[in-house]
Amino acid sequence: MKPNKNYLSTTIAIYLSFLLLGINMSISAQYKTELAHAWGAGNNISVVLTVSSAVGIGSLIASLFTGIISDKFGRRTSAIIGSFGWVIFAFGTAYAPNAVFAYIIGIITGIAMSFSNSALTPAMM
């Protein structure tokens with residue numbers, strides 16, 4: 001008989017990663033004009049929308065290799081890489097000096113999300 005495992009910490013990590021992505025999208029949607037000004041684009045909110053789409057692009061790019069890395073080096077390694085990506089997102093978005101830098105941070109955010117998914121979702125299964 002297998003011992004009961006406690007999945008609470010893993011569950012919290014999964015939902016926290018989705019919460020962070022939701023916060024990212026919510027902030028960028030609510031503060032489009034302010035972010036456009038902060039990134040040197042004036043009132044051009046399309047820059048902010050482009051940065052938001054970079055999250056999806058980063059996730060698509062990372063989907064090609066995150067599963068392989070997670071299988072080869074372990075779920076913990078992928079979770080740590082994802083966590084570092086979230087830290088980069090948190091500070092990078094807040095202090096991005098221009099739209100190009102913010103776009104790169106968006107891609108890193110998507111990569112972080114893919115690493116989190118490749119580590120935490122299989123761990124729950």
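Modeller: pLDDT is the predictor's confidence in each residue, from 0 to 100. This is a predicted model, so start there.

Colleague: What is the mean pLDDT of the protein, and what share of its residues reach 70 or more?

Modeller: The mean is 84. Of the residues, 92% reach 70 or more.

Colleague: Which elements have the lowest and the highest mean pLDDT?

Modeller: Helix α1, residues 8-30, is lowest at 78. Helix α3 is highest at 90.

Colleague: Next, the core. Which residues form the largest nonpolar core?

Modeller: The general idea comes first. In soluble globular proteins, nonpolar side chains tend to be buried together. Here the largest nonpolar core has eight residues: Leu35, Ala36, Trp39, Val47, Val48, Val51, Ala96 and Ala102. Helix α3 gives the most, with three residues.

Colleague: What does valine 47 touch, leaving out residues up to four places away in sequence?

Modeller: Val47 touches Trp39, Ala41 and Ala99. Trp39 is also a member of the core.

Colleague: Now voids. How many cavities of 30 Å³ or more does a search of the whole structure find?

Modeller: The search finds one. The largest cavity holds about 100 Å³ of space. It has 14 lining residues, and the closest to its centre are Asn24, Ser28, Trp39, Val51 and Thr93.

Colleague: How does the lining divide into nonpolar, polar and charged?

Modeller: Eight residues are nonpolar, six are polar and none is charged.

How values were computed:
Residues numbered from 1 in each chain as written. Predicted model: local features only at pLDDT ≥ 70, side-chain atom pairs only at ≥ 80, totals over all residues. Heavy atoms only, no water. Core = buried A, V, L, I, M, F, W, Y, C linked by side-chain atoms within 4.5 Å. Buried < 20%, exposed > 50% of the residue type's maximum accessible area, 1.4 Å probe, protein only. Helix = DSSP H or I, 4+ residues; strand = E, 2+ residues; numbered from the N terminus. Contact = heavy atoms within 4.5 Å. 1 Å grid on protein atoms, 1.4 Å probe; cavity = no way out; pocket = protein on both sides within 12 Å on 5 of 7 lines; lining within 4 Å. Points joined across faces, edges and corners; volume = space filled by probe spheres on them. Nonpolar A, V, L, I, M, F, W, Y, C, P; charged D, E, K, R; others polar.
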